[in-house]
Amino acid sequence: MQIKWWIISILCTVISLVSCLNFTKESTLTRIIKELKIELNNASAEVKQLIKLAENSAGIIEVQKQFRKSRSAYKRIEWFAEYYYPFTAKMINGPALDEVEPDEKNIIVKAEGFQVIEEILFDTGNNYLQPELLQQAKILGSNIGRLEYMVTLLETTDAHILDALRLQIFRIITLGISGFDSPVANNSLEEAATSLKSIKHIVSLYQHELITQDNRLMEQLQVDLDRSIQSLSSAKDFNSFNRMIFIIDFMNPASEKILAIQHALKLPRFTEPRFLSAEAPSLFARNIFNADFYTPGVQSYSNPEKIKLGEKLFYDGILSGDGKRSCATCHQLGKAFTDGLATSVAFDGKNNIRRNSPTLINAALQPALFYDMRVSYLEDQAKDVIDNKDEMHGSLQNALLNIAMDDVYKELFVKVYKNEELSELHVKNCIAAYIRSLVTMNARFDLYMRGDHAIMNKMEIDGFNLFAGKAKCATCHFIPLFNGNNPPVFDKIDAEVLGVPATADSLQPVLDSDQGKFNLYRIGLHKNAFKTPTLRNIEFTAPYMHNGVYQTLEDVVAFYNRGGGAGLGLQLDNQTLPEDKLNLTAYEKESLIAFMKTLSDTTFGRN
């Protein structure tokens, strides 16, 4: 039978369209990489000009201007650098603080990059140290050059590009508008606008791939981004910028639309384990965090049976040395899983444990545990507490013997672990599974961010804007976990040196004798360093600080308002908290506290 000419014509058209789509798909990535190369070349040229000015000992105003141009050029490709080459990105624009190499506890890694240069140029009055500037500028140029080379080797997908752009929006929400990487120059809002312009341009390159009905998504996204850029550009100043409106009206919708575009393009979805869900529409989505991410392995993931068994163990004295003390002794449900004491009562009932008992709510959402960050998994935390003579004064081995003689426990362990021989790991894992079930992001603040705009009042909203702005709280207590887990990847939690006093006496303050991480590693940078805890449920977890020195939130705000220990007059060479006074007004202090109380979550009950 003869094939009709029109059938052949249609087949040719279909083949042509498929070929065209494949070419377009390939050319979009090719174009993005080509433009990245151009932007990296521009960033390199700007840094070279900064080096030249340093070599010629140019005036401070001219050098500051060139610094701004250089970091602005970097902000246009920050989304790429942070996503694909985070180690290099950290060397380019990481915090201006020396660190200890995590794998080699005795190696100090010197801070370098834009933030170090910022302190040289903006924190020294009208003069700057030319040799130090020149050295840092040359290091910066070398690291930018490394990115220039790496982009030539880049192999990626459209799904990863759009994922990187969404993470950059999260980075702007959590770090950009908080002043995290521009603490001295106060250029955060302008740099956030620059970053958003880059996002707008890159995502627009996918417009021709969207079918007609999905083009409205792109148009709406472009409007959101234009309005967000205008909001940043028209801001009166850093302190008065309304971050709440910026996030709710522009950033959350932009994040949702980029994800929708990814789906409209039918791009593959991410299936690998991630702490931050790749399918969450915004940073404030209910189930955005994976409570099983920080586990020893897949075999340690939670399930309802593990959680139920872990809860029984949590409230049972069978794990302690005397059969009376349990995990719940120091982590009480009615007090947001704390005990309400400055420092917990020791096993002997006479003395006290050295540190305050922290909340277990959302404890699963952090990659290091205890105030000194000495363990990485909740399983190891459970063992540490059980074996500690001042806390549970027990041993897992003895607990196993007691459990093996209990018919109820034997039956439950068989149900959970089938035919596996009962082990210490099983006991630890069950307790950890129960603690991982204590994850909730359902406070009034969360509901407000998800659309219930009647649930927070003006004072509380003002408090949030202070928290993420003038008061600089969000530069250590990162949104939305409000702990020290670094966004937007949330793969490292910070320890800070605040200069916490031994008593609340501000007239004759004495530094607390507990030296924190230093007790473990004996490294000078770690002296008096403690993990940054969550502020969620802070209304219910008094007293505060690692030693419980402050009874009220008013006391805590006053401490920070004065500049921490250094502001009190204590001598700390390594204080990481800026010692500058915040100069908060009475209303600002009150609204800051009002906001923190919106982080209270009664999902698990309270007194």
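**Figure 1. Overall fold of the predicted chain.** Of the 607 residues in the protein chain, 54% are buried (under 20% relative accessible area; over 50% is exposed and anything in between partly exposed, with a 1.4 Å probe and protein chains only as cover). This is a predicted model: local features need pLDDT of at least 70, side-chain atom pairs count only at pLDDT 80 or more, and totals for chains, interfaces and linings use all residues. Residues are numbered from 1 along each chain as its sequence is written, and side-chain values use heavy atoms, with hydrogens and water left out. The chain has 22 helices and four strands (DSSP runs numbered from the N terminus: helices are H or I with at least four residues, strands E with at least two). Its radius of gyration is 27 Å, close to the 25 Å from the globule rule for 607 residues, so the chain is as compact as a globular protein of that length. That radius is taken over C-alpha atoms, and the rule is 2.2 Å times the number of residues to the power 0.38. The C-alpha atoms fill a box of roughly 85 × 85 × 50 Å along the principal axes. Among contacts with a separation of 6 or more, 68% join residues 24 or more positions apart (contact means heavy atoms within 4.5 Å). The chain exposes about 27,600 Å², and carbon and sulfur atoms supply 53% of this area (Shrake-Rupley method, 1.4 Å probe; for residues, only the protein chains shown count as cover).

**Figure 2. The largest nonpolar core and L147.** This core has 171 residues, and F80, L147, F246, L313 and F445 touch the most other members. Helix α1 (residues 5-55) gives the largest share, 11 residues. A nonpolar core is a set of buried Ala, Val, Leu, Ile, Met, Phe, Trp, Tyr and Cys residues joined through side-chain atoms within 4.5 Å. Beyond its neighbours within four places in sequence, L147 is in contact with L40, Y74, I77, F80, A81, Y85, T88 and I92.

**Figure 3. Helix α4 and its cover.** In α4 (residues 86-93), the residues T88, A89, M91, I92 and N93 are buried. Their cover includes α2 (60-75), α3 (78-84), α5 (114-122) and α6 (130-151).

**Figure 4. E39 in helix α1.** E39 lies in helix α1. E39 is partly exposed, at 26% relative accessible area. Leaving aside neighbours within four places in sequence, E39 is in contact with R76 and I77. H263 is 224 residues from E39 in sequence and 28 Å from it in space, C-alpha to C-alpha.

Figure 5. Helix α8 (residues 188-204) has 17 residues and reaches 24 Å from its first C-alpha to its last, close to the 24 Å expected at 1.5 Å a residue. The expected span is 1.5 Å times one less than the number of residues. In α8, 12 of the 17 residues are buried, so the helix is largely enclosed by the rest of the structure. Among the buried residues are S188, E191, L196 and V203. G176 lies in helix α7 and is buried, with a relative accessible area of 12%. Not counting residues up to four places away in sequence, G176 touches R171 and S188.

Figure 6. The structure holds 32 aromatic pairs. Rings of Phe, Tyr and Trp (its six-membered ring) pair if their centres lie within 6.5 Å; planes under 30 degrees apart count as stacked, over 60 as edge-to-face and the rest as tilted. F180 and F478 pair edge-to-face, at 5.7 Å centre to centre and 70° between the planes. The two are 298 residues apart: F180 is in the loop between α7 (158-176) and α8, F478 in the loop between α18 (458-467) and β3 (495-497). F478 is buried, at 1% relative accessible area. F445 and F482 are also edge-to-face, at 5.4 Å centre to centre and 80° between the planes. This pair links helix α17 (residues 444-449), which holds F445, to the loop between α18 and β3, which holds F482. Both F445 and F482 are buried. Ring pairs link F284, F445, F464, F467, F482 and F595 into a cluster.

**Figure 7. Backbone details in loops.** The peptide bond from P487 to P488 is cis, with omega near -5°. P488 is in the loop between α18 and β3. F482 lies in that loop, and its phi is near 60°, a positive value in a residue other than glycine. The bond from A542 to P543 is cis, with omega near -5°.
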